[in-house]
Structures are given as C-alpha cells and as structure tokens.
Amino acid sequence: MPDTISGIDPVRRLACEAAFARLQARGAAFLGSEVAIMGGAMSWVSERNLVAAISNAGGFGVIACGSMPPALLAAEIAATQALTAKPFGVNLITMHPQLDDLVRVCLEAGVGHIVLAGGIPPGPAVRAVKDGGARLIAFAPALVLARRLVRSGVDALVIEGAEAGGHIGPVTLTVLAQEILPHIREVPVFVAGGLGRGEAILGYLEMGASGAQLGTLFAASTESIAHAKFKAAFIRANARDALPSMQIDERFPVIPVRGLVNEGTKRFMAHQAEVLAQFQSGALDKGAAQLSIEHFWAGALRRAVVDGDVETGSVMAGQSVGMVSEVAPVASILAALKAQAVAALVAREAGG
Ligand SMILES: Cc1cc2nc3c(=O)[nH]c(=O)nc-3n(C[C@H](O)[C@H](O)[C@H](O)COP(=O)(O)O)c2cc1C
C-alpha cells in the first residue's frame, strides 16, 4: 500500500518531509501529536484499541462516546489510557441526555481534547469544557457558523464534507474548504470527508487547513475491532457504493447517513413507503410515523460493526472507501499518507 519514496535523492526528500511537517505544525501542536491527523470518532469502532493505535502511531485518536452512559465512558477512557501515554480525544454527541456528566467524566480523567458533535454545542457544555481546561473542537457546516463557533470560544474546527461516512451535511469538502479556510485563521481547522490519499491532505494544508480527520481508512485497519465482514465489505466497495440514505417524503425528514448500499438500505426505502401509506390512510399519526422511520436503524451500526451483519446492518462508510484495498496497520496507513504527500512535493520540485 505505501507509495515508495525510496529512490529519491535523500536530501530533497528530507527537505520535502520538513515542508510537509511545517504545513501540519499548527495542527500537530494543537493536538500534541506528531502528525496532524485525527482518527474521526466512529461509534462502535473508535474504542480503546483503535484510538490507542492511532495515537501511538503519531496521529490523534478520538473515542466515540455515542450513546454510552457516563460510567462506561469513564471505563473506556481509563482502558485507553492504559494502552497509550499519548494524547487522545473524546467525541460527545450534543443531544446525549447526560452531556454535562459526560463532559465531567472527560475532565476528571484528564482528557485534553473534547469534540462536541451532532449540532451546535450548547453554551453550558462549551463553558464546562473551557473552564475545565480542555480544548474544545466543534464541527462547522458553514462559514457563518464557523465564525459563531470561534466567537463562542471553540479552540478548533472540523469541516466535514458530504463525502464522509456516517451522518453528513449537504456540502462537499471541496466547497466547504473554499468557503471557510481562507476566512478562519483564529483557530486551527481540520478537514474531513472522502480523504484517502496524502496528496489530497497536502492540497488542503496548502489551502490553510491545519490538519485532517479520517474515518473510513481507519475503520478498516488491522487494529480496528470492526468485524472481519465489515472490513471485507470496505475492501470490496467502490466510492459509488457509499451513498447517503434517502427520504421519500419531505414531511418525514431523514438525516442523511452515508454508508454502503445493501439489503438494509433497500428495506429502509420500503419501510418509509409502508409508513407513509399508513399515515395517509390514518392508521398512524404524524409523530408515530416519524418515530417509526427514525427507529428503523436503531442498533443497525452495532449489528454491522460488531456482529458482521453487512446485509441488513448499517455499514457507514465514506466515499474514501473506494481507496481501501487491504486491511493494514494504522502505522502503515499514516506512513502511506505521508509518503504520498512527500512524493507529490518532490515531484513538484522536480517539475514532474
Ligand atoms: C462507521 C462510521 C461511524 C461514524 N460515527 C461517527 C460518530 O459516532 N460521531 C461522529 O462525530 N462522526 C462519526 N463518523 C464520522 C467520522 O468521525 C469522520 O468524520 C468521517 O468518517 C470522515 O470521513 P471519511 O470516512 O471519508 O474519512 C463516523 C464515520 C464512520 C465511517
């Protein structure tokens, strides 16, 4: 998998490696890691093993809290700390009913970076993170929101394009990067969504990003605890197989989730059609119909990741899945990304 950069004049290679490191310096200093690459939190996937592996390999792992209760999160943080002495973060979903307790758990455990995902972070959570001395990272889906988040005291932003796996917004990283990177200099900005090669990361760093966040590539890594069938599905898939979930009626909104098309995604369309028919016939009221649609995927990501049910489970994956060709250790994935970026710089210098 790693693109070789051997055979290149060592002096020129070292200069290009230094140039790549300089481009990441702000992001790496912010994270306290060697490289400014975050492992995007992935529910059921980003647990102690993967998070520690990413941090130990020089990147920055992030635990996905998902729907974990505070006691479970505390145990996961402690288990991760037992596997790595390097910094890592914790991703909390803002609509978690015990958000304040989860923040407290992170602070008490000395977690240095807290990512608040799933919406604009509520004021009390922002203050709690900042007062507790941790660094706060939030997602900015548009420039106006990026500015508002910076004003509210957020320490870094992630801009995640629609190419990403999991819950997505409507705008691609290509466009978000042009909209946001030239205007936000106050805090480091990390780019995410569809990233699978070092040349692309290099390009965004040159546009002003401080680092990148990747999910899909790490989900298929050796250290990921995802089921072998989940990883095999990633290896088989092409970019075009990772599609957003669709809604069939605007009265019943579906938050788009990008994942591999399978029997489950087909059944979801049929389920929406059935629910819509029941609503139209008066058999279901609007609230019950919406709930039935929302509940369709309950437990489905766990089924795919943990049980290996890649037929009816939710196989969340970014378009970058097309660049996953083998199960490789996290360290080789990071090495390949670096080698690709450095090779691009070397080739540019050589005019080729
Ligand atoms: C299987 C899977 C589960 C994910 N779960 C979460 C999550 O729980 N919270 C979150 O903020 N992002 C989640 N994401 C998004 C990732 O953190 C990351 O931003 C995204 O994967 C980046 O795009 P990429 O997959 O193209 O690299 C998930 C992504 C995947 C593939």
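The dialogue below takes up the domains, sheets, helix packing and ligand shell of a predicted model.

Biologist: What should I keep in mind about the numbering and about the predicted model?

Modeller: Residues are numbered from 1 along each chain as its sequence is written. The model is predicted, and local features need pLDDT of at least 70, side-chain atom pairs count only at pLDDT 80 or more, while totals for chains, interfaces and linings use all residues.

Biologist: Into which domains is the protein divided, and how do you know where their bounds lie?

Modeller: The bounds come from an automatic or database domain assignment, and the division gives domain 1 (10-223 + 329-349) and domain 2 (236-319). Taken over C-alpha atoms, the centres of domain 1 and domain 2 are separated by 27 Å. The contact between them takes 13 residues from domain 1 and 15 residues from domain 2, where two residues are in contact if their C-beta atoms, placed from the backbone, lie within 7 Å.

Biologist: What makes a residue polar on the side of domain 1 that touches domain 2?

Modeller: Ala, Val, Leu, Ile, Met, Phe, Trp, Tyr, Cys and Pro count as nonpolar, Asp, Glu, Lys and Arg as charged, and the others, Gly among them, as polar. By that division, the side of domain 1 that touches domain 2 has four nonpolar, eight polar and one charged residues.

Biologist: Why are β10 and β11 called paired strands?

Modeller: Strands are DSSP runs of E with at least two residues, and helices are runs of H or I with at least four, both numbered from the N terminus. Two strands pair if DSSP finds at least two bridges between them; β10 and strand β11 (residues 257-260) have three bridges in the antiparallel sense, so they count as paired. Within this pairing, Pro244 stands opposite Arg258, and Leu243 stands opposite Gly259. β7 and β11 are joined by two bridges and run antiparallel, so they also meet the criterion, with Gly166 opposite Arg258.

Biologist: What makes β7 and β10 edge strands?

Modeller: The open sheet of three strands has the order β7-β11-β10, and β7 (166-167) and β10 (242-244) each pair on one side only.

Biologist: Which order do the strands of the eight-stranded sheet follow?

Modeller: That open sheet has the order β1-β9-β8-β6-β5-β4-β3-β2, with parallel pairing, and its edge strands are β1 (37-39) and β2 (62-64). Strand β5 (residues 135-139) and strand β6 (residues 156-160) run parallel and are joined by three bridges, with Ile137 opposite Ala156.

Biologist: How do you know the angle at which α1 and α14 pack?

Modeller: Axes are lines fitted to C-alpha atoms, for helices over the stretch in contact, and angles run from 0 to 180 degrees between N-to-C directions. On that basis, helix α1 (residues 10-31) and helix α14 (residues 330-349) pack at about 115°, with their axes 9 Å apart. Among the residues making the contact are Arg12 and Phe20 of α1 and Lys338 and Glu349 of α14; by class, the contact has seven nonpolar, no polar and five charged residues.

Biologist: What makes a residue part of the shell around the ligand, and which residues come nearest?

Modeller: A residue is near a molecule if its C-beta atom, placed from the backbone, lies within 6 Å of it. Of the 27 residues around the ligand, Gly40, Gly165, Gly166, Gly215 and Gly318 come nearest. The shell divides into 12 nonpolar, 13 polar and two charged residues, and draws at least three residues from each of domain 1 and domain 2. β9 (211-214) and α9 (216-219) each supply at least two residues of this shell.
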